[in-house]
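Hi everyone, thanks for coming. Today I'd like to walk you through one protein model, step by step. Please have a look at it first.

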Amino acid sequence: MPRGTTRYNELQVCIFGTDSSARVQNIMIIGQVGALILFAAVAFVKIYSGDALEGAVKPSLSWLSPFAVGDFSSLVSALLIGVFIYWGWESAVNLTEETRDSRQSPGLAAIVSTLILLVSYVAVTTAVVGYAGLETLAEFDDDEGVFSFLAADVLGSPLDKLVVLAIVTSAIASTQTTIIPASRTTMSMARAGAFPAKFGKIHPRFQTPAFSTAVIAIAAIAWYVPSVFISENFLFDTLSALSLMIAFYYALSGFACAIYHRRELLKSVKNFVFMGVAPTVGGVILTGLFFRSAFDLADPDASYGGGAVLGMGAPLAISLGFFLLGSVLLVVWRLTGHESYFSRKPFEAVDPEIAAGRMPVSEEGI
């Protein structure tokens, strides 16, 4: 199925209601994770029984240690990829107002989804490297066909088709994790006065931000389709740029969390660690990752295409271009009669009742 058709179908699911979206995601998650864990389990058995490919290597705990990476720039690049592949875990949090039991479900879902991602990614990556060996993987480079090749050897037919199907449907899942969180973010910004009010409107029948969802989907298609036709290297460079921007706003989210809950931090050790220390440490790490990655990506040789844009690598140029665009729109928004949003005011703090879990998040207007 063409990806443009896939995105259109996902747009329909996202607009017509999160119940439909949730059902689709549940089916895909079970199928994807089940197939990948089956693949990893069988691969590990064959690795340790000596039935893996020539050049296979038994996994070592050092593979999971960041201190075992000799080149710091390589470690930073790997961390940036990690930021990108974990992007979307917070979809349940973005849908808090549309979630049953909004006091607990979104937070629990975020933690569970992170653990599922951690187990599945680490297990599959370790199994692939161990079973195939570095020389075989080097032959495939960035070709996703490596999974089809390895699944056929590990599971045989017809079970290998499950792994291929899991990879194909991951495109659908990633489309949803692009459309849904972004549409709810713009809706929230519109409600706060930082975006045109139209983006905050809720469809009277479907009870979703239909306009915001449609605009986000159209913008994603408008960027993705030309990128594919320009070159595959340019598409990969845009993904690196996106990773850089994700690190930036995740870092800000970590600092904002500690500020928003500042009055609750000293009420318990749990609050201090999970509302203060952990988000702040995460923000510091991601800030360091952002600046180090920006420094590395300034080198044109660090891009997939290898070409320079205004004397810098394409990923950094793309990122700076979007930051500049955002800054221009910020100034335009302020100069067009929205000064009240930018007026100086004290930092807001979370309601103590919400922080203690005794008050559900308001569903007013949803």
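This is a predicted model: local features need pLDDT of at least 70, side-chain atom pairs count only at pLDDT 80 or more; totals for chains, interfaces and linings use all residues.

Residues are numbered from 1 along each chain as its sequence is written, and side-chain values use heavy atoms, with hydrogens and water left out.

So what does the chain contain? The protein chain has 13 helices and two strands. Both are DSSP runs numbered from the N terminus: H or I of at least four residues for helices, E of at least two for strands. Of its 366 residues, 34% count as buried. Here, buried means under 20% relative accessible area, exposed means over 50%, and partly exposed is in between, with a 1.4 Å probe and protein chains only. Now take the contacts in the chain with a separation of 6 or more: 69% of them join residues 24 or more positions apart. A contact means heavy atoms within 4.5 Å.

Next, a pair of helices. Two packed helices are described by the angle between their axes and the distance between the axes. Helix α3 (residues 72–85) and helix α10 (residues 269–297) have axes that come within 10 Å and cross at roughly 115°. Those axes are lines fitted to C-alpha atoms, for helices over the stretch in contact, and the angles run from 0 to 180 degrees between N-to-C directions. Which residues make the contact? On α3 they are F72, S73, V76, L79, L80 and V83, and on α10 they are L286, L289, R292, S293, D296 and L297. Sorted by class, that contact has eight nonpolar, two polar and two charged residues. For the sorting, Ala, Val, Leu, Ile, Met, Phe, Trp, Tyr, Cys and Pro count as nonpolar, Asp, Glu, Lys and Arg as charged, and the others, Gly among them, as polar.

Now to the cores. In soluble globular proteins, nonpolar side chains tend to be buried together. A nonpolar core is a set of buried Ala, Val, Leu, Ile, Met, Phe, Trp, Tyr and Cys residues joined through side-chain atoms within 4.5 Å. The largest one has 21 residues, and F39, Y131 and L150 touch the most other members. Helices α2 (18–49), α5 (105–140) and α6 (145–154) each supply at least two residues of this core, and α5 gives the most, with eight. Leaving aside neighbours within four places in sequence, Y131 is in contact with several residues, including A43, I47, L53 and L150. There is also a second, separate core of 16 residues, and L244, L289, M312 and A317 are among them.

How many salt bridges does the structure hold? There are three. The term means a side-chain nitrogen of Lys or Arg within 4 Å of a carboxyl oxygen of Asp or Glu. K161 pairs with D160 at 3.4 Å, N to O; K161 is partly exposed at 47%, whereas D160 is buried at 7%. K267 meets E264 at 3.1 Å, with K267 exposed at 54% and E264 buried at 4%. In the bridge between D296 and R292, the closest N and O atoms are 3.4 Å apart. D296 and R292 both lie in α10, four residues apart, about one turn of the helix.

Finally, a few single residues.

A349 lies in the loop between α12 (339–342) and α13 (352–355). A349 touches Y260, R262 and R263, not counting residues up to four places away in sequence. A349 and E264 are 85 residues apart in sequence and 9.1 Å apart in space, C-alpha to C-alpha.

One last stop: most peptide bonds are trans. The bond from S157 to P158 is cis, with omega near 10°, and P158 is in the loop between α6 and α7 (160–191).
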